[in-house]
Amino acid sequence: GIKREKIIETNVFNYLPADVAEDRKKKVVEAVATGLPIVFEDKRGDRWFLNYINPVSDGDKVTSLAVYGNDISSQKIQQEVLKTSESNMTMAQQVANVGSWLWDIKDDRLEWSDQMYRIFGIEKANFNSSLSEVIASAIHPEDRAKIEESNRKVIQNKQPEPLEYRIVLADGSVRYVYA
């Protein structure tokens with residue numbers, strides 16, 4: 001918010017709040033001492049900035065610094081909106097007892113919501129994300145062919161296909177699920 005003419009060839013630290021100026025001075029000293037770039041975010045008032053301090057050297061020593069910052073406030077706001085949305089989705093899935101998943105068909109890899117782990121009775125740490133492994137280890141043996149056929153149809157027709165099947169939990173009990 002400062003005009004270029006006013007700030008050129010002045011001490012930029014004079015235009016920053018004291019705590020921010022002290023932090024910047026430390027980062028400048030670090031960049032000069034190490035010769036390595038420093039990238040960091042900070043918040044001033046209601047605005048967020050992504051800052052860069054790039055040392056420029058003559059081969060032997062740092063001769064100047066290229067310093068710039070980008071206002072990333074809108075990205076931060078969008079991140080908060082997304083975080084809130086994800087939190088709401090997680091809560092809605094818990095309340096409704098519904099899980100969701102994504103299947104990377106090419107790599108045969110699944111991404112599960114937390115609720116899917118609960119439904120299948122599988123600990124996240126023990127999850128093998130391969131759909132074929134999940135079918136082999138968690139689906140009732142009599143329902144495996146039905147699921148594989150349904151998956152083929154979904155891929156071929158590019159349309160979801162409702163399906164009820166059984167999963168076998170670690171304790172041997174059977175749970176019916178609707179996908």
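## Helix α6

The face of α6 turned away from its buried side carries A145 and Q156, both exposed (over 50% relative accessible area; buried is under 20%, partly exposed lies in between, with a 1.4 Å probe on protein chains only). Helices (H or I, at least four residues) and strands (E, at least two) are DSSP runs numbered from the N terminus. This is a predicted model, in which local features need pLDDT of at least 70 and side-chain atom pairs count only at pLDDT 80 or more, while totals for chains, interfaces and linings use all residues. Residues are numbered from 1 along each chain as its sequence is written, and side-chain values use heavy atoms, with hydrogens and water left out.

I147, S150 and N151 are the buried residues named in α6. They lie on the same side of α6 because they cover an arc of only 100° around the axis, the arc being that of the directions from the helix axis to the C-beta atoms. The buried residues of α6 pack against β4 (101-104), α5 (131-138) and β6 (164-168), where contact means heavy atoms within 4.5 Å. Just after α6, K158 has a positive phi of about 55°.

## Nonpolar core

The largest nonpolar core has 18 residues, of which W112, F120, V134, I139, Y165 and I167 touch the most other members. Such a core is a set of buried Ala, Val, Leu, Ile, Met, Phe, Trp, Tyr and Cys residues joined through side-chain atoms within 4.5 Å. At least two residues of this core come from each of β5 (109-112), α4 (114-120), α5 and β6.

Leaving aside residues up to four places away in sequence, Y165 touches F120, I139, D143, K146, I147, R175, Y176, V177 and A179.

## Largest pocket

A pocket is an open set of points on a 1 Å grid over the protein atoms alone, where a 1.4 Å probe fits, with protein on both sides within 12 Å along at least five of seven lines; lining residues have an atom within 4 Å of a point. The lining of the largest pocket consists of 20 residues, and I7, V12, L16, R44 and N51 lie nearest its centre. Two or more lining residues come from each of α2 (18-34), β1 (38-44), β2 (47-57) and β3 (62-71). The largest share, 4 residues, is from β2.

N51 is located in strand β2 and counts as buried because its relative accessibility is 8%.
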